[in-house]
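Welcome! Here is a friendly set of notes to read alongside the model. Please keep the sequence and the 3D view open as you go.

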Amino acid sequence: MPTDEMGAIDGQVGVVSPLRQTVDASIDFIGGVNGGIANVIVGQSLDTVKVKMQTFPGIYKNAFDCFMKTYRQDGIRGLYAGTIPAMTANIAENSVLFMFYGLCQKLVMNVSKKKSVADLNPVENALSGSGAAFFCSFTLCPTELIKCRLQAMREMATHGKLEGGMEKMKIGPWGLTKDILRQEGIGGMFKGLTSTMAREMPGYFFFFGGYEISRHYLTPPGKTKDEIGVWRTVVSGGIGGVCLWTAIFPTDVVKSRIQVESTVGTKAPSFYKTLTHIGKTEGIRALYNGLGPTIVRTFPSTGALFLTYETTKKVLTDFADRNM
């Protein structure tokens with residue numbers, strides 16, 4: 001069937017051919033894969049600092065102290081602990097996220113009776129992102145579980161909370177995954193799923209909302225959002241990332257605590273119980289431990305994510321348009 005550049009069949013507004021839907025979803029998926037890789041390469045070391053400060057706030061004076069102690073004790077390898085599961089998590093999360101983001105955009109477009117996805121306003125794009133986050137939570141939770149436990153393993157061993165002590169630090173991501181599956185089954189990989197959803201769905205509302213609003217205001221007169229160039233795209237992505245983490249950080253602290261402290265063979269504490277325990281014993285400020293390095297990390301890393309995603313999407317869409 002003949003389609004225009006937006007995929008409408010024979011000029012019908014809002015009607016997209018099944019072939020074009022599949023192609024668009026595949027492009028979004030590949031763009032998310034590439035974006036996830038860029039995100040980890042740029043931001044992993046400061047993510048390690050964030051997790052350590054969230055789960056063991058009394059050990060370090062500040063983010064710089066945490067960074068330097070980790071470097072002195074474990075070197076570069078310590079700062080990039082959990083990189084393999086982090087890479088896996090980001091590829092899985094962002095590929096599914098951006099694929100479902102595109103599909104949810106088309107759903108919102110049809111519900112709001114817009115002519116094309118390009119006509120969606122920032123709030124409608126934000127709602128699409130929130131819907132996509134529900135699906136990516138299922139891919140993110142298991143890999144986040146492994147990443148967080150590896151990142152905080154030294155502190156767990158030092159405080160006697162890790163079976164096997166310091167020797168357990170040699171286990172690696174695959175060994176830890178096998179331990180969990182052997183002792184707890186597949187359900188053990190989804191400890192913290194509720195808190196992951198509580199973090200992801202509102203978080204990605206602000207993530208995509210912040211990104212789209214920034215692109216809207218940074219678009220020069222006479223140009224489209226897709227023509228704003230490299231640096232405006234990076235800045236828009238960075239703003240989206242800051243919006244995300246500022247909004248969701250308390251739930252991320254709770255998620256990290258649940259996943260780190262619910263070691264193999266122990267029952268995961270509930271989201272509400274963990275949240276109230278932190279509030280009562282450590283105060284509200286504890287829910288923002290690690291926010292500093294997260295903001296420093298997220299601006300360049302999410303900027304790189306969106307730049308890589310948009311570049312991949314443009315190249316593959318141009319290729320598809322020439323060959324369909």
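Is Glu212 buried or exposed? Glu212 is buried, with a relative accessible area of 4%; here buried means under 20% relative accessible area, exposed over 50%, and partly exposed in between (1.4 Å probe, protein chains only).

1. Before the details, some ground rules. This is a predicted model, in which local features need pLDDT of at least 70 and side-chain atom pairs count only at pLDDT 80 or more, while totals for chains, interfaces and linings use all residues. Residues are numbered from 1 along each chain as its sequence is written, and side-chain values use heavy atoms, with hydrogens and water left out.

2. Let us stay with Glu212. Glu212 forms a salt bridge with Lys225, and the closest N and O atoms are 2.9 Å apart (a salt bridge is a side-chain nitrogen of Lys or Arg within 4 Å of a carboxyl oxygen of Asp or Glu). This pair links distant parts of the chain: Glu212 sits in helix α7 (residues 193–218) and Lys225 in the loop between α7 and α8 (230–261), 13 residues apart. Helices are DSSP runs (H or I, at least four residues), as are strands (E, at least two), numbered from the N terminus. Lys225 counts as partly exposed, at 24% relative accessibility. Both residues belong to a network of salt bridges that also takes in Arg215, Asp226 and Glu310.

3. How many salt bridges does the structure hold? There are 17. One of them joins Asp28 to Lys313, with 3.9 Å between the closest N and O atoms. That pair also links distant parts of the chain, from Asp28 in helix α1 (residues 18–55) to Lys313 in helix α10 (residues 291–323), 285 residues apart. Asp28 is buried at 4% relative accessibility, whereas Lys313 is partly exposed at 28%.

4. The side chains of Asp318 and Lys314 meet at 3.3 Å, N to O. Both residues lie in helix α10, 4 residues apart, about one turn of the helix. An α-helix has 3.6 residues a turn, so residues three or four places apart point the same way. Lys314 counts as exposed at 52% relative accessibility, and Asp318 as partly exposed at 32%.

5. A search of the whole structure finds 15 aromatic pairs (ring centres of Phe, Tyr and Trp, the last by its six-membered ring, within 6.5 Å; planes under 30 degrees apart are stacked, over 60 edge-to-face, the rest tilted). Phe98 and Phe208 have ring centres 5.7 Å apart and planes at 80°, so the pair is edge-to-face. Phe98 is in helix α3 and Phe208 in helix α7, 110 residues apart. Phe98 is buried at 0% relative accessible area, and Phe208 is buried at 1%. One aromatic cluster is formed by Phe98, Tyr101, Tyr204, Phe207, Phe208, Tyr211, Phe306 and Tyr309.

6. Finally, a backbone detail to check by eye. Lys113 has a positive phi of about 60° although it is not a glycine. Most residues other than glycine have a negative phi. Lys113 lies in the loop between α3 (83–111) and α4 (122–151), and at 74% relative accessibility Lys113 counts as exposed. Another positive phi, near 75°, belongs to Gly185, which follows α6.
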